[in-house]
Amino acid sequence: MSDPSPSDPSTPAQRLAQLRAAVPTLQLRTDAEDLAWYGVDWTRRWTPAPLAVALPGDVDEVQAVMRWAHANRVAVVPSGGRTGLSGGAVAANGELVLSLQRMNKVLAFDPVDRLLTVQPGIVLEAVHAAAREHGLAYPVDFAARGSCSIGGNIATNAGGIRVLRYGNTREWIAGLKLVTGTGELLDLGRGLVKNSSGYDLRHLAIASEGTLGVIVEATLKLTDPPPDTQVMLLALPSFEVLMQVFTTLRERLQLEAFEFFTDRALHHVVAHGAQPPFDAVHPYYVIAEFASGSEAQEVQVLSAFEYCTEQGWVEDGVISQGGAQAAQLWRLREGITESIAACVPYKNDVSVRISAMPAFLAETQALLAREYPHFEVVWFGHIGDGNLHINVLKPADMDNAAFVADCERVTTLLASTLQTHGGSISAEHGIGLVKKKYLASTRSPAEIAAMRGIKTVFDPAGILNPGKLFDA
Ligand SMILES: Cc1cc2nc3c(=O)[nH]c(=O)nc-3n(C[C@H](O)[C@H](O)[C@H](O)COP(=O)(O)OP(=O)(O)OC[C@H]3O[C@@H](n4cnc5c(N)ncnc54)[C@H](O)[C@@H]3O)c2cc1C
């Protein structure tokens with residue numbers, strides 16, 4: 001990886017002319033509408049201002065763009081489905097957006113290794129469908145499945161609703177092809193089950209948020225299809241019983257998922273068109289999915305439900321009878337992010353070890369009640385993974401900058417609570433722009449220095465997603 005040439009003082013128009021000359025086949029978009037569309041992710045907090053949007057059709061074009069960007073020191077923002085919630089794919093400072101959306105094909109399936117090789121722009125739902133066609137499953141799953149890309153999933157180490165059983169995206173990546181900040185192509189992992197030959201650079205690329213390279217191909221592990229399942233929705237009287245219900249269900253059932261949400265979250269999903277599950281309103285809800293089908297499993301399910309009810313942990317409950325009802329129940333949890341999007345939520349996505357969850361929950365609940373008496377706070381999360389999503393909703397009449405400033409003040413306090421409990425400021429959404437000022441609450445100075453050093457090796461000119469994760 002060579003040193004960059006000196007900075008080029010050309011104008012945006014001259015730069016684009018240079019890029020067109022360097023990569024004549026490249027699709028480039030510069031219409032205002034495209035710049036606005038491709039310059040933002042789901043945060044919609046920054047005003048989009050990209051130089052242009054490049055839509056390469058193959059790996060050669062990605063390499064050519066990166067060589068040009070390296071030589072001319074042009075900042076590049078790798079871009080997938082832009083469903084990210086941390087500002088990672090935002091281009092607000094004249095960067096070139098490098099959208100992988102046209103590179104969206106399944107390239108190969110290997111039945112012996114049970115591996116599926118795909119291009120980075122393929123949407124998660126299409127990966128699920130491709131795995132199903134071969135009688136197998138790709139188990140990472142969450143509500144943005146219809147629009148997020150596998151490249152974005154890998155770049156954020158996405159989690160979702162089945163982490164409890166299957167782990168994060170990282171567990172499912174058998175190989176990656178990565179184009180670095182100098183345009184070199186690295187072939188990492190190559191689908192090998194065993195490979196003890198030094199640093200595993202594939203794992204550096206996972207969760208690197210587009211700061212080390214552009215993922216141009218991924219080889220995904222597939223697994224057996226999930227068992228037949230049922231879904232249970234429980235209404236709980238208090239936060240305190242949440243972990244007890246989780247521990248009980250995990251001990252007694254083969255849990256596939258365990259998620260929680262509050263009454264306020266349910267309120268928004270129902271206002272968005274979902275069916276209310278119960279007649280009465282309850283403060284907290286749990287949705288659990290578990291293997292079911294055999295008579296023995298059904299007995300276990302009923303006995304677990306009765307046990308929780310007898311302990312006074314459950315005020316009401318429903319168990320799905322068939323796929324349609326299961327989907328209806330899941331909609332109550334999966335519809336939350338979309339149902340509150342119009343309220344411009346400020347999002348915290350935090351994690352602690354599961355064992356630290358009860359103490360962390362109690363402290364966080366007190367902190368938020370004290371600091372946010374004036375804002376509506378919607379809680380939900382993957383409680384079985386120690387991951388909590390705290391969404392603060394902006395009052396309609398409040399200025400966005402003042403709202404964010406107030407939320408950031410409270411996030412500083414939350415970050416310090418997290419530090420006490422050994423947690424992370426980002427469980428699954430990434431650091432991006434939103435959380436970079438809190439990175440030091442989760443990573444030591446020595447770790448951050450090592451991360452900066454690694455960035456310099458992969459991207460010596462500092463052109464890959466600059467300003468995301470940390471400042472140079
Ligand atoms: C309704 C909703 C529900 C969600 N639920 C979850 C959830 O349960 N769990 C979860 O983890 N996330 C969730 N998310 C967040 C989001 O969907 C994930 O972060 C997802 O992985 C982002 O994928 P994307 O293709 O949209 O990436 P983008 O938003 O386009 O990009 C995200 C980051 O990846 C980088 N990137 C994208 N493509 C590449 C590439 N090919 N090479 C290198 N870097 C790249 C970008 O530069 C950026 O830093 C949710 C979002 C929404 C809107």
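Modeller: This is a predicted model, so start with confidence: the mean pLDDT of the chain is 95, and 98% of its residues reach 70 or more. Where pLDDT is low, predicted coordinates should not be read in detail.

Now the layout. The domain assignment gives domain 1 as 12-102 + 454-458 and domain 2 as 106-221. Domain 3 covers 229-337, and domain 4 covers 344-431.

The part to look at is the interface of domain 2 and domain 4. Their C-alpha centres lie 29 Å apart. Nine residues of domain 2 are in contact with seven residues of domain 4. The size of an interface is often given as the accessible area lost when the parts come together. Here the buried area is about 540 Å². Carbon and sulfur atoms give 44% of that area. On the domain 2 side, Gly160, Leu164 and Glu209 supply 56% of the area buried against domain 4.

Polar contact does occur, with a count of four residue pairs between domain 2 and domain 4, both residues at pLDDT 80 or more. The side of domain 2 that touches domain 4 divides into four nonpolar residues, four polar and one charged.

Methods:
Residues are numbered from 1 along each chain as its sequence is written. This is a predicted model: local features need pLDDT of at least 70, side-chain atom pairs count only at pLDDT 80 or more; totals for chains, interfaces and linings use all residues. Side-chain values use heavy atoms; hydrogens and water are left out. pLDDT is the predictor's confidence in each residue, from 0 to 100. Domain bounds come from an automatic or database domain assignment. Contact means heavy atoms within 4.5 Å. Buried area is the accessible area (1.4 Å probe) that two parts lose on being put together, summed over both. A polar contact is a pair of N or O atoms within 3.5 Å; within protein, one must be able to donate a hydrogen and the other to accept it, and residues adjacent in sequence count only if both atoms are side-chain atoms. Ala, Val, Leu, Ile, Met, Phe, Trp, Tyr, Cys and Pro count as nonpolar, Asp, Glu, Lys and Arg as charged, and the others, Gly among them, as polar.
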